[in-house]
Amino acid sequence: VVREVSIDEAYLDVTDRTAWDVAPTGDRTLAEGYARYVKQRIAREIGVEASIGVAPNMSTAKIASDFDKPDGLVVVRPGEVQSFLAPIPVEEVHGVGPVTARELARLDIETAGDLADADPKTLESNFGSRGRELHERARGYDDRRVTPTGRPKSLSRESAFTDPTAEMEAKREVVRALAADVADRAQSRGAMYRTIGIKVVVPPFDINTRARSLPGPVDDPDLVESVALDLLDAEFADETVRKLGVRVSNLSFSSADQSSLDGWKSTDGVSSSSERTDGDADESSTGDDQSSARRRKRRGQSSLVEFD
């Protein structure tokens with residue numbers, strides 16, 4: 001069972017694939033051997049290093065995976081969980097952010113061991129039910145199950161230009177390619193969509209989003225391209241642009257026939273927003289050979305990632 005957390009992080013429940021028994025060689029557990037196998041496959045098939053933590057529960061495995069980056073393998077056996085956790089800084093406990101860590105420090109709680117030894121009632125009075133949960137995790141108890149993530153609410157792609165450009169055809173070329181990528185993703189997941197939108201980032205980092213809603217869910221790659229280009233042309237034909245994105249949302253995974261598009265132009269709903277941000281998405285993407293070829297043809301772009 002796999003629970004994807006982000007583009008480069010996931011939990012795996014490998015209970016049915018391995019065990020804590022010691023391997024015939026006597027120098028490691030079967031679980032460690034399986035983790036090494038996973039690392040080797042990632043390196044061989046994807047070509048990147050992976051840091052893996054193996055433990056009896058999710059929170060300890062998360063800490064173990066961060067323990068020896070970027071190419072680590074840390075195995076915490078069931079009887080070693082508390083001794084492994086005790087010396088680590090309290091901010092490393094899963095669920096403790098910077099603010100909580102500062103509040104814990106005021107209670108003289110600086111390590112996971114301190115948190116494990118703290119009075120649960122004091123923690124609960126200061127942090128509510130989360131205080132007792134953090135206390136349990138610091139002691140190595142976490143009964144959460146690894147469950148798959150739910151279906152996405154939207155699918156999107158974005159691409160940045162190496163240098164901002166006002167050239168309309170260059171912008172349209174990018175939007176066409178992004179629209180094809182997004183439509184391909186939707187088809188591969190059996191998703192239909194009711195809303196098609198674009199994202200336009202203009203210098204320095206001003207983000208503008210525009211969207212158009214349809215009367216019902218559709219699966220129509222040509223329509224994704226057409227609507228995305230219309231939205232681009234309507235307001236951003238003369239704008240200098242740093243980055244562009246295309247999104248489909250209001251997803252439906254029903255096997256029912258898609259809605260008729262007759263008269264959809266007269267029922268458009270348009271939403272827009274503008275904000276400033278210093279962040280950037282870092283989620284990479286893959287597509288089929290045709291989409292990849294179209295991406296390689298794009299001029300002056302540095303990345304292809306998802307946008308929120």
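Tutor: Let's start with burial: a residue is buried when its relative accessible area is under 20%, exposed when over 50%, and partly exposed in between, using a 1.4 Å probe and protein chains only. K39, at 16%, is therefore buried. Keep in mind that this is a predicted model, where local features need pLDDT of at least 70, side-chain atom pairs count only at pLDDT 80 or more, and totals for chains, interfaces and linings use all residues. Residues are numbered from 1 along each chain as its sequence is written, and side-chain values use heavy atoms, with hydrogens and water left out.

Student: How do I read a salt bridge, and what does the side chain of K39 meet in one?

Tutor: The rule asks for a side-chain nitrogen of Lys or Arg within 4 Å of a carboxyl oxygen of Asp or Glu. K39 pairs with D71 at 2.8 Å, N to O. That pair links distant parts of the chain, 32 residues apart: K39 is in helix α1 and D71 in the loop between α2 and β4 (73-75). Helices here are DSSP runs of H or I with at least four residues, strands are E runs of at least two, and both are numbered from the N terminus. D71 is partly exposed, at 42%.

Student: How many salt bridges does the rule give?

Tutor: The count is 17. Another one joins K243 and E158 at 3.1 Å, N to O. K243 sits in strand β8 (residues 241-252) and E158 in strand β5 (residues 154-165), so this pair ties together parts 85 residues apart in sequence. K243 is buried at 11%, and E158 is buried at 0%.

Student: And aromatic pairs, how are those described?

Tutor: You give the distance of the ring centres and the angle of the planes. Rings of Phe, Tyr and Trp (its six-membered ring) pair if their centres lie within 6.5 Å; planes under 30 degrees apart are stacked, over 60 edge-to-face, and the rest tilted. Two pairs come out of this rule. For Y34 and Y37 the centres are 5.7 Å apart and the planes at 45°, so that pair is tilted. These two tyrosines are three residues apart in helix α1, which means about one helical turn between them. Y34 is buried at 18%, while Y37 is partly exposed at 38%.

Student: Which way do the planes of F67 and F84 lie, stacked or tilted?

Tutor: Tilted, because their planes are at 55°, with centres 5.2 Å apart. F67 lies in helix α2 (residues 58-67) and F84 in helix α3 (residues 81-85), so the pair ties together parts 17 residues apart in sequence.
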